[in-house]
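Hi,

Here is the structure I promised to pass along. Have a look at it first, and my notes on the salt bridges follow below.

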Amino acid sequence: MAEPVARRIVIASFATPKGAENTLDVLKGAAVGLGNTAVVTRDDSGEVAFTESQDWGMGKSALVGAIAGLLLPGVGTITLAAGGALAAYFIDRGFPDALLKQMGEGLAPDSSMLVLLVADADVARASDLLTEGGGTVIGTSTESDLTTAIAGLRS
């Protein structure tokens with residue numbers, strides 16, 4: 001049985017709204033070992049938005065529910081689609097949404113942030129690519145739980 005990959009949380013901020021998203025594409029192209037990723041943006045009006053690689057969201061969950069409804073006779077596509085969307089609302093598989101929103105509220109307007117779970121062996125390479133992409137690495141943590149990692153970075 002393979003050993004689980006040790007991972008670290010790496011957080012970087014960018015002075016532009018597309019900086020985090022563009023640099024994430026670079027990291028993926030460089031074959032950096034990534035787990036969950038989150039791109040957090042704050043627009044010029046102060047509104048925070050984020051997307052995660054491991055958080056399905058209501059749309060994808062509703063689609064899975066609808067497909068299950070087609071395959072399971074007698075249950076109903078709409079019922080399972082609604083159930084999938086409802087499950088996504090209550091189940092957050094990625095980083096805690098409330099924490100990502102709070103982190104985004106700390107960003108300057110028209111900027112972005114990248115929150116990454118990176119394979120231990122790739123942290124130095126990821127940090128270099130984040131800096132080359134215009135980012136400022138705010139911190140890294142050996143914790144794989146974002147809430148615990150943020151608490152550790154603050155102390």
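A definition to start: buried means under 20% relative accessible area, exposed means over 50%, and partly exposed is in between, using a 1.4 Å probe and protein chains only. It's a predicted model, so local features need pLDDT of at least 70 and side-chain atom pairs count only at pLDDT 80 or more, while totals for chains, interfaces and linings use all residues. Residues are numbered from 1 along each chain as its sequence is written, and side-chain values use heavy atoms, with hydrogens and water left out.

Now for what turned up. The structure has 3 salt bridges (a side-chain nitrogen of Lys or Arg within 4 Å of a carboxyl oxygen of Asp or Glu).

One joins Arg 8 to Asp 120, at 3.0 Å from N to O. This pair ties together distant parts of the chain, 112 residues apart: Arg 8 sits in strand E1 (residues 7-14), and Asp 120 in the loop between strand E4 (111-119) and helix H5 (123-132). Helices (H or I, at least four residues) and strands (E, at least two) are DSSP runs, numbered from the N terminus. Arg 8 is partly exposed at 24%, as is Asp 120 at 40%.

Then there's Lys 18 with Glu 21, at 3.3 Å, N to O. Lys 18 is partly exposed at 49%, and Glu 21 is partly exposed at 37%.

Lastly, Lys 101 pairs with Glu 105, their closest N and O atoms 3.7 Å apart. Both are in helix H4 (residues 97-105), and because they are 4 residues apart, about one helical turn separates them. Lys 101 is partly exposed at 39%, and so is Glu 105 at 44%.

Cheers
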